Amino acid sequence: PGVVVVSAPPKSGFSTAFNNTVRMIDRYLLNTEAVEDSQKPDDSVENAPVNTIDSSTSESPMTVLPSLLRKYPDAVVCRHVVNAGSLNLLMEQPDLDRRIVVGVAGPATAPEALLSLLAFKGPDDAKVSRDDVAKNVRAVLNVRVIRKLCDGCKAFQPAAPQILQQLSIPAGKVTGFYQQGPPPAPPLNPNLKPEDQPQPPATCPACNGIGYRDRTAVYELLVVNDVIKKALKQAKDPQSFLAACKQAGHIGIRERAIVSTCRGITDFREIDRIGLLRPKK
């Protein structure tokens, strides 16, 4: 029993990650109820019957949660938590042996998503307690969708020492990285006739010359253990909390993305496109 938070920036795989998390709830052992906003329609999950609210008429999860909880569900999933009152009511459910999954679309990292729970307000003067968050949240999942390099044309490039240093990768641990193919066309030679000029590489039939094929995701999981709970209660600002998470051994989404480049799943151009290559200042 506890609360699991699913998060991601806009258009980064939030809905898919949330749906897949809900699908992992065993439908034969746990009776699950879902709260969804009709103004933000999404794919339904087969093992979670939907209780609908309409945010255009100022409804919130609080509108349906009291009646929903009287059905005595084992698990409650809420894709969009919009106010402190809804979140506080959901935070009470682990004491009743219930599993809760909540979604927070927007935060770029798992620690930021955890802190974002404290920013919810209303209705009236309702706020979310740090102690309640530390007590009830078990883990925070953050996700980014990335394009996979095409196995038919990706090219291996030896790793320059300065690149390894910038990425904090020990020398000798990684010999090189794959990058988007196909290779560039050779330069024209003015001393050769047109028919003798070097020919450009053939278009890759697998990806049609795009260089990427299929998609996957990079995941960051923040487990809210005793060290993270203590840091959450004592943190004076987001920077100090992020530093405490890192000191506790948490591996962030940027580091996970760099690992995917080391494994040849994607390249630096792709993780730079989604904003994970350059560390935040």
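## Asp124 and its loop

Asp124 is exposed, with a relative accessible area of 77%. Exposed means over 50% relative accessible area, buried under 20%, and partly exposed in between, with a 1.4 Å probe and protein chains only. Asp124 sits in the loop between H4 and H5. Its phi is near 60 degrees, a positive value in a residue other than glycine.

Pro123 is in the loop between helix H4 (110-116) and H5. A cis peptide bond joins Gly122 and Pro123, with omega about -5 degrees. Helices (H or I, at least four residues) and strands (E, at least two) are DSSP runs, numbered from the N terminus.

## About the model

This is a predicted model: local features need pLDDT of at least 70, side-chain atom pairs count only at pLDDT 80 or more, and totals for chains, interfaces and linings use all residues. Residues are numbered from 1 along each chain as its sequence is written, and side-chain values use heavy atoms, leaving out hydrogens and water.

## Ser168

Ser168 also has a positive phi, near 60 degrees, in a residue other than glycine. Its place is the loop between helix H6 (161-166) and strand E8 (176-179). Is Ser168 buried or exposed? Ser168 counts as exposed, at 67% relative accessibility.

## Helix H3 and its cover

Eight of the eight residues of H3 are buried, so H3 is largely enclosed by the rest of the structure. The buried residues are Ala84, Gly85, Ser86, Leu87, Asn88, Leu89, Leu90 and Met91. Their cover includes strand E1 (2-8), H2, strand E4 (75-78) and strand E5 (99-105). Helix H5 (130-136) and E6 also belong to that cover.

Two packed helices are described by the angle between their axes and the distance between the axes. Helix H2 (residues 61-69) and helix H3 (residues 84-91) have axes that come within 9 Å and cross at roughly 25 degrees. Axes are lines fitted to C-alpha atoms, for helices over the stretch in contact, and angles run from 0 to 180 degrees between N-to-C directions. H2 and H3 are therefore roughly parallel to each other. Angles under 35 degrees count as roughly parallel, over 145 as roughly antiparallel, 65 to 115 as roughly perpendicular and the rest as oblique.

H2 passes H3 in a left-handed crossing. A crossing is left-handed if the near helix is turned anticlockwise from the far one by less than a right angle, and right-handed if clockwise. From H2, Pro61, Met62, Leu65 and Leu69 meet Gly85, Ser86, Leu89 and Leu90 of H3. These contact residues divide into six nonpolar, two polar and no charged. Ala, Val, Leu, Ile, Met, Phe, Trp, Tyr, Cys and Pro count as nonpolar, Asp, Glu, Lys and Arg as charged, and the others, Gly among them, as polar.

## Helices H7 and H8

Helix H7 (residues 226-234) packs with helix H8 (residues 238-247) at an angle of about 165 degrees, and their axes are 9 Å apart. That makes H7 roughly antiparallel to H8. The crossing of H7 past H8 is right-handed. Which residues make the contact? H7 supplies Ile228, Ala231 and Leu232, and H8 supplies Phe241, Ala244 and Cys245. This contact of H7 with H8 holds six nonpolar residues, no polar and no charged.

Lys233 also lies in H7. Lys233 is partly exposed, with a relative accessible area of 48%. Lys233 and Arg130 are 103 residues apart in sequence, yet 6.2 Å apart in space, C-alpha to C-alpha. Leaving aside neighbours within four places in sequence, Lys233 is in contact (heavy atoms within 4.5 Å) with Arg130, Asp131 and Ala134.

Asn142 is in strand E6 (residues 137-149). Asn142 is buried, with a relative accessible area of 0%. Not counting residues up to four places away in sequence, Asn142 touches Ser7, Ala8, Pro107, Ala108, Thr109, Ala110, Val218, Tyr219, Glu220 and Ile253. A polar atom of the Asn142 side chain lies 3.3 Å from the backbone oxygen of Pro107.

Ser12 lies in the loop between E1 and helix H1 (14-23). Ser12 is buried too, with a relative accessible area of 11%. Leaving aside neighbours within four places in sequence, Ser12 is in contact with Val143, Arg144 and Val145. Ser12 and Ala105 are 93 residues apart in sequence and 9.4 Å apart in space, C-alpha to C-alpha.

Technical notes
A polar contact is a pair of N or O atoms within 3.5 Å; within protein, one must be able to donate a hydrogen and the other to accept it, and residues adjacent in sequence count only if both atoms are side-chain atoms.
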